[in-house]
Amino acid sequence: MYDTSMKAPDQILTLHGLRKTFGATPALAGVDLSIEAGRILALMGANGAGKSTLVNILSGAHAPDAGRMLLRGRTFAPASPAEAARAGIATVHQSTQHAGTPGLTVADALLLDRFVASGSPLFVSRRSVRRAAAAVAAQAGFDLPLDRDFGEIGPADQQMVAIARALSRDAALLILDEPTASLSAGEAARLFGVLEGLRSRGLAILYISHRTGDIERLADRAVVLRSGRIAADLPRPIDVSAALTAMIGRPIDSLAAERRECGAVVLEARDLVLAAGGPPLDLTLRAGEVVALTGPLGAGKSRLLAALGGAAPIAGGTLRLCGKTFQPRSPGEAIAAGVVLAGPDRHRSSFVPSDWPGGSVAETISLPHLRRWFPAGFLFGDRERHAAVNAIARLRIRAAGPHARLATLSGGNQQKVVLARWQAEPARVLLLDEPFQGVDVGARADIVAALRADRDTATLVATSDPEEALQLADRIFVMERHRLTPWMDPDRFAA
Amino acid sequence: MNDKPTAELDTPSAVPRGPIPARGWLVARRVRQSGLLLLLAAMVVGFTRADPAFLHIANLMSVLQSVAVVAILAAGVTLTLAVGGFDLSIGAVAASSVMAASYAMVVWQFDAVATVPMVLAFGAGVGLVNAGLIIWLRIPDLLATLAMNFLLTGLQLIPTAGRSISTGLILPGGESANGVFDPNFLALGRARLGGVLPVPVLLMLSIAVVLHVLTQHTRFGRLLYAIGGNEVAARLAGAPTRALRLSAYVISGTLAALGGLVVAARVGRGDVSSGASLLLDAVAAALIGFAVLDRRYPNVFGTVVGAIFVGVLLNGLTMLNAPYYTQDFVKGAVLVGALSLTYGLRRRTS
């Protein structure tokens, strides 16, 4: 068992004055931090606060512009992720389904990086693989189904595979990025047990999460990053309210968006069933209001938005748009009816590659509106360029001009282009799925302002970050396992 | 370009991130953009100095005539490349169109007015089947169209039991077919407008202009490219992705059939081995087109320039007495060179 008061724990990793700048924006503006053996250190921060940059530097993916790192007392300046891993930094990224592929067994997945390493034997026998994999799993103290297909095991087991593999070379520090994002409560509890076991064996763990409940339960210490600096360093028991205040930079109650009077009912869902066997849900959206859906990944937020936007079928229930039955069979039909959807991950759901035709700011904005803007079918005239110039001015998009390629824009400005696309023509319902991914705080404020300024459209935003929901919405729902619960009391957020 | 920056953009921080291009980089970019066109001009000058007859209008027309069929097919492939697909059945569509046109006239004794629409409909039908395999059965584009290429290459041999078609053909049943090629049909491959401009060249140029405008300046073209760039994004933006993908394959099949008609009209018989090299030549032209103007995406203008580039090179080399068997090697070298120029240099300088 561990006891924080007995002795001063060993410093595993110390950071001095770490700085990193991307373009004009400093991602890390001088971070001093020490990470101790046998402790779980929670790293908190809003999107764009510098968490990923810090992780990328520790794991060798980026080099800092300035500052020093000491690992077990020796200078640590990894040139590559492989070098950082050899030095004892084990990093487990958020999407652990990439830890293996369907068709490989769990044993194969555990040994994947050994197969890749030079000097590994050319021929491997099934038995030797299984023996080596069992050793890797045992070293981490996990019980894993070695012979099963990696694609068939659950997300928690995939997470364990990723952790066991990361720990297989004498690791001193384990970095976990949002490890519970795709886990159910039971699976998360199992993961916590595993992490506590690793902690008691003296491993240092850097735990990155948005989930305050996880952090309260696990962390021995919490460090809050804001604008690339450490804004708070909190001991156990973690004062979550103080952490959130530090994260945002002001008390939480001043943060929540003001509730406003809203117009007529625009969209009404009754007994809507998203997937066969799921619970029915009701939802009413009014003109001029912004409603946020929050809750863990996999709770059905994206599914609900896709169903409303015509991109996914519904299993039951009725939808009414302005009083009339609404049954979109494709996104095209939904758009024609005035219900527009910006999917999650703008690169996957909204953009074409930057050097492909259609990859400029103006062309990205105009794509759904070509029929309306160019009824004759020929793309001559200024309509497209005007729309882009207006959007650039209105949303303060930093771009060289309407014909700038998307790749020359930062993430926040790219997301503004997505918003500009769907605000270029009046819509009845605007559906936004995770609109703040990779968006810095400044751009986020601009987007929030633009969304709240639209008093004719009903806006529904899905975000797994409760802070974003608070900042944005007139009403908030928590979604869990396809079920909606109104979230009335902002204090519950801090509790 | 010609856009005045708005007031918000005048702040220094509004300049997009990334290194400011150095002068040398801009020069390199210009060279890459116009590289193939400059090379084409240099070849014309060089061949003319070697033999002034090269620049005679008759020779230039013969160069264009020699690439017309390939360019027509390649323009169709370019459309399927734009939707992120690849039509590898065009060679067989063209070859079986040669056979179908000949069969219609010689055995069924059709005239040109009946034959041409029938063969074009055949090409469109193959495009439909390709699209069906790709869209509804979800067979990858390359596999579906390559399989179709095989199927048609075999199918065209069956009605005549593997014989070439000309008047007097003995059918598998024993009777002989006595139809003749309609002179109006032969004009499609042999007539010259005003005694100068061959009909195939006129067809090639008009198709090039129409498809260039269609892909670059219409809603239809923008949506085709959107599908090729990101099909999910195109669908979420409301584009009818299936109908668009289908139309790209139908256009490609129809143009391949038109290419076959031109070949049949020029040769005046249904030769079983015609069109053997059409597929690879057309694909090469479309890929060289990526390098023209350094666009690095399929584009009709580049494709047609690519086809002409190869034609000029082969014609000039033939004039300089290069043996015929070096032709494929030369085409391959041009393709490798053009693609290295666009992709390789780009990565190093950007």
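Mentor: Happy to! Let's look at H2(B), which is mostly covered, with 19 of its 26 residues buried. Keep in mind that this is a predicted model. The helix spans residues 57-82 of chain B, and there is a kink of about 45° in H2(B), centred on B:Ala68. Just after H2(B) comes B:Gly84, whose phi is positive, about 80°.

Now for the surroundings. The largest nonpolar core has 177 residues. Among those with the most contacts inside this core are B:Ala71, B:Ile72 and B:Leu73, along with A:Val429 and B:Ala282. Helix H2 of chain B gives the most to this core, supplying 15 residues. Take B:Ile72 as an example: leaving out residues up to four places away in sequence, B:Ile72 touches B:Leu203, B:Met204 and B:Ile207, and also B:Leu255, B:Leu258 and B:Gly259. Another core, of 72 residues, lies apart from the largest one, and its members include A:Val31, A:Ile175, A:Ile205 and A:Ala222.

Finally, a word on how the chains meet. Here 29 residues of chain B are in contact with 42 residues of chain A. On the side of chain B that touches chain A, helix H8 (219-229) and helix H9 (231-236) each supply at least two residues, and H8(B) gives the most, with six residues. By type, that side of chain B divides into 14 nonpolar, eight polar and seven charged residues.

Note on methods
Residues numbered from 1 in each chain as written. Chains lettered and ligands numbered in written order. Predicted model: local features only at pLDDT ≥ 70, side-chain atom pairs only at ≥ 80, totals over all residues. Core = buried A, V, L, I, M, F, W, Y, C linked by C-beta atoms within 7 Å. Buried ≥ 20, exposed ≤ 12 C-beta atoms within 10 Å, placed from the backbone. Helix = DSSP H or I, 4+ residues; strand = E, 2+ residues; numbered from the N terminus. Contact = placed C-beta atoms within 7 Å. Nonpolar A, V, L, I, M, F, W, Y, C, P; charged D, E, K, R; others polar. Bend = angle between axes of the 7 residues up to and from the residue.
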